[in-house]
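Please consider the structure shown below with attention to its backbone geometry and to the confidence of the prediction. The paragraphs that follow take up these topics in turn.

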Amino acid sequence: MALILDALIEILRKPTIGDIVSELTLFAAPLWIAVFVGLVVGWAWKPRWATGLVGEEKGCSNDDHQMKPRANSYGCGLQLALPSLDSLRAQIPSYLTCLMPEQISDKGEKVVDDLSPPHRVKKELVVNFDDLQNLSALVETTDGGPVWIRMMEKSTPTMSYQAWRRDPETSPPQYRTRSVFEDATPELVRDFFWDDEFRIKNRWDDMLLYQAQLEECLVTGTMTVHWVRKFPFFCSDREYTIGRRIWEVDGAYYCVTKGVPFPSLPRQNKPRRVDLYYSSWCIRSVESRRGDGQKTACEVLLFHYEDMGIPWELTKLGVRQGMWGCVKKVEPGLRAYQAARKSGELLSRYAEIAQINTKISSGRLRSLGSINDTSEDMVDAEKEKEKEKEKPWGSNLPKFLIVGGAVALACTLDRGLLTKAVIFGVARRFAKIGRRL
């Protein structure tokens, strides 16, 4: 310390101001260089908690900003000397990061090239590449699951509808539906299903009581949303925390929504939270049934299941009876949404996020996936109905008594998710029994 003071006194004894300034500059230069190096090193290797403070308010969650492995595959020694490109990129604020991987598609929409390998993505996002592969396998019927059983086939002048069901051994019944809407584009239908504000405004999904956006990522379009759905009779409302994301695969949109944990939103007694929830679509253009060879229709393949907390046989009974009544409400909502867009109505935040898609080719999806080619044929459920008709009604009486007791017990004890389709479907079935008596 004494040496530094002596040096400063010696500089101040210089005869002119110019000499003093030049000497002070030479004296302070090493100090400024040390400060600058310290700032750079501290910024490049700041701890995880500091990274979270930088990026929380720009859309992506903390995990989204850390899309990189903690250890460098090229060796720990090099990582101490120079930061990797991924580590530097992860420190950049999200409003700059969002500009890097995106490109504008021919349709004027924002897309993201999926350049990250699956093992890196799945650790960072609530909806990841594994979910895309799973949905792709469901679409192609190559997931190796049980046989799909045909349930129904209905149509209106501007919509056709088919439904299948299958019964895994250790999970709730799964449903596959195919809807084709005439004179609709995949982009419009994609935005329609994503737009929770319009769901409530138009009430085409009249079970949705409340919606809120919890998180969003402007890089990938990944969202976490909060739903509260109302239920009739004695069943209380149910809440969901849902993660969702859209991939564009050769012009088709693979839209994944599923239940995800969200610890910062505490559980409550009411509404009860539903954990097991999966509802995903593949939306693509198909030829119109008018037979003109033009792809002016839009096909929607839906795959849905959730844990309702009641016997699965009861679930199947109700869904079969109430499904078409619920589906018929979708098309009027879509046409109203179509008219609103044509009139120039502003996009909601949900529709804006729906246009941020991760783009990947079908060839690359197949090359990165490991899907088993074990597709199953689809069978018709009418054979099951014929078997049931062969049984005398009296032999089924104990079954119906048990089913009725299960409905009353489920509603009274307020267990699980009891959908409107289940309740009204079971009621209709009991009404038919009464008419027989």
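Aspartate 183 counts as partly exposed in this predicted model, because its relative accessibility of 42% lies between the limits of 20% and 50%. The residue is located in the loop that runs between β5 (174-182) and α10 (186-194). Its backbone deserves attention: phi of aspartate 183 is near 55°, a positive value in a residue other than glycine.

Threonine 141 likewise is not a glycine and has a positive phi, of about 50°. This residue lies in the loop between α9 (129-139) and β3 (148-156). Is threonine 141 buried or exposed? With a relative accessible area of 16%, threonine 141 is buried, since the value falls under the 20% limit.

A further backbone feature concerns a peptide bond. Lysine 270 and proline 271 are joined in the cis form, with omega at about -5°. Proline 271 belongs to the loop between β9 (252-259) and β10 (272-273).

The confidence of the prediction remains to be considered. For the protein, the average pLDDT is 74, and 62% of the residues score at least 70. Over residues 48-59 the pLDDT stays under 50; for this stretch the model has 15 contacts beyond four places in sequence. Residues 413-420 also have a pLDDT below 50, and the model gives this stretch 34 contacts beyond near neighbours in sequence.

Methods. Residues numbered from 1 in each chain as written. Predicted model: local features only at pLDDT ≥ 70, side-chain atom pairs only at ≥ 80, totals over all residues. Heavy atoms only, no water. pLDDT = per-residue confidence, 0-100. Contact = heavy atoms within 4.5 Å. Helix = DSSP H or I, 4+ residues; strand = E, 2+ residues; numbered from the N terminus. Buried < 20%, exposed > 50% of the residue type's maximum accessible area, 1.4 Å probe, protein only.
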